[in-house]
Number of protein chains: 2
Amino acid sequence: MTQFDLKLERTLDAERDLVWRCWTEPMHLMPWFTPAPWKAVDCRIDLKVGGEFFNVMQSPEGEKFENHGVYLEIIKGTRLVWTNAYRTGWLPNGDAQPMLTTIVLDFANAGKNKTQYAAVALHWNEAAKKQHEEMGFYDGWGVATDQLVAYAKSMR
Amino acid sequence: MTQFDLKLERTLDAERDLVWRCWTEPMHLMPWFTPAPWKAVDCRIDLKVGGEFFNVMQSPEGEKFENHGVYLEIIKGTRLVWTNAYRTGWLPNGDAQPMLTTIVLDFANAGKNKTQYAAVALHWNEAAKKQHEEMGFYDGWGVATDQLVAYAKSMR
């Protein structure tokens, strides 16, 4: 990890395979991905290196924000890495500037029906880290993670 | 491709498999990689997605410049993509700022003992493109490509 990281670590009260599915299947990602009252209103996942991770967030006022990215590393049930620095075809995602970020998610077993979960947001510089923090990284990821656990339990 | 690209396209008078080896084996990369009188004095290649592409260039005065990067896509004999935006482990390569770049190399057959060759340098913004151009992208890649062809022929 580097000096420009933001990190959330938790033991989740949900099974690892369900948490993985919540991150890798659009129909199971959209229900929890965006802290309420925001909504995820679209999502595409092409689960391979260089494959698309696209989602659209909608504000309570109805404004939509498109997020484009690609996957960099996929180890089923264990690690998922993506970045908004690229679109598919390794095209630099200029729209994401200056807040280029890379997300590394690590999943591990943590006792019966629990998942050890780490989400790290890596940035290329202090300005991007600060912007991400001020946009509410900790609150946003915290609330979304609560929603993820509640949704994963509903999948049992 | 995007508005922030620099591109070199050529038909090379060398076999595609030799050109590929010149790009993917340190002992066959170092002899041609750096326009003379600069020298490549070290190189590490871990030819997998996320694997390291490291090289050190030495100026005629003896000053050394380390270049760190990782591979993003490898299709043997056909396509090679890497970036200096990351080090191994998907760590943002802050040292490369502001000239983060991604290189896409495409190789195809072009008649007997010839290779159709395209090298594209993709950037996240105009400033990085301009810096790369002013550092001598066209001259540098042009001379290096001449050296590549001469060296590849010597491998026959």
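This is a predicted model: local features need pLDDT of at least 70, side-chain atom pairs count only at pLDDT 80 or more; totals for chains, interfaces and linings use all residues.
In chain A, Leu18, Val19 and Cys22 of helix α1 meet Leu148, Tyr151 and Ala152 of helix α4. Two packed helices are described by the angle between their axes and the distance between the axes. For this pair, α1 covers residues 16-24 of chain A and α4 covers residues 137-154 of chain A; the angle is about 115°, and the axes are 9 Å apart. The helices α1(A) and α4(A) are therefore roughly perpendicular to each other, and their crossing is right-handed.

Let me stay with A:Val19. Once neighbours within four places in sequence are set aside, A:Val19 is in contact with A:Leu12, A:Ala14, A:Phe107, A:Thr115, A:Tyr117, A:Leu148 and A:Ala152. Which residues have the most contacts inside the largest nonpolar core? They are A:Val19, A:Cys22, B:Val19 and B:Cys22, in a core of 60 residues. In soluble globular proteins, nonpolar side chains tend to be buried together.

I turn now to the relation between the two chains.

Next, A:Tyr86, which lies in strand β6 of chain A, residues 86-87. Is this residue buried or exposed? A:Tyr86 counts as buried, because it has 27 C-beta neighbours inside 10 Å, and the cut-off for a buried residue is 20 or more. Its contacts, leaving aside neighbours within four places in sequence, are A:Val70, A:Leu91, A:Pro92 and A:Asn93.

Finally, some points of backbone geometry. The peptide bond from A:Gln97 to A:Pro98 is cis, with omega near -5°; A:Pro98 is in the loop between β7 and β8 of chain A. In chain B, a cis peptide bond joins B:Gln97 and B:Pro98, with omega about -5°, and B:Pro98 is in the loop between β7 and β8 of chain B.

A:Trp90 is not a glycine, although its phi is positive, at about 60°. This residue is placed in the loop between β6 and β7 of chain A, and with 19 C-beta neighbours inside 10 Å, A:Trp90 counts as partly exposed. B:Asn113 has a positive phi near 60° and is also a residue other than glycine. B:Asn113 is in the loop between β8 and β9 of chain B, and counts as partly exposed with 15 C-beta neighbours inside 10 Å.

Key: Residues are numbered from 1 along each chain as its sequence is written. Chains are lettered from A and ligands numbered from 1 in the order in which they are written. A nonpolar core is a set of buried Ala, Val, Leu, Ile, Met, Phe, Trp, Tyr and Cys residues joined through C-beta atoms within 7 Å. A residue is buried if 20 or more other C-beta atoms lie within 10 Å of its own, exposed if 12 or fewer, and partly exposed in between; C-beta atoms are placed from the backbone. Two residues are in contact if their C-beta atoms, placed from the backbone, lie within 7 Å. Axes are lines fitted to C-alpha atoms, for helices over the stretch in contact, and angles run from 0 to 180 degrees between N-to-C directions. Helices (H or I, at least four residues) and strands (E, at least two) are DSSP runs, numbered from the N terminus. Angles under 35 degrees count as roughly parallel, over 145 as roughly antiparallel, 65 to 115 as roughly perpendicular and the rest as oblique. A crossing is left-handed if the near helix is turned anticlockwise from the far one by less than a right angle, and right-handed if clockwise.
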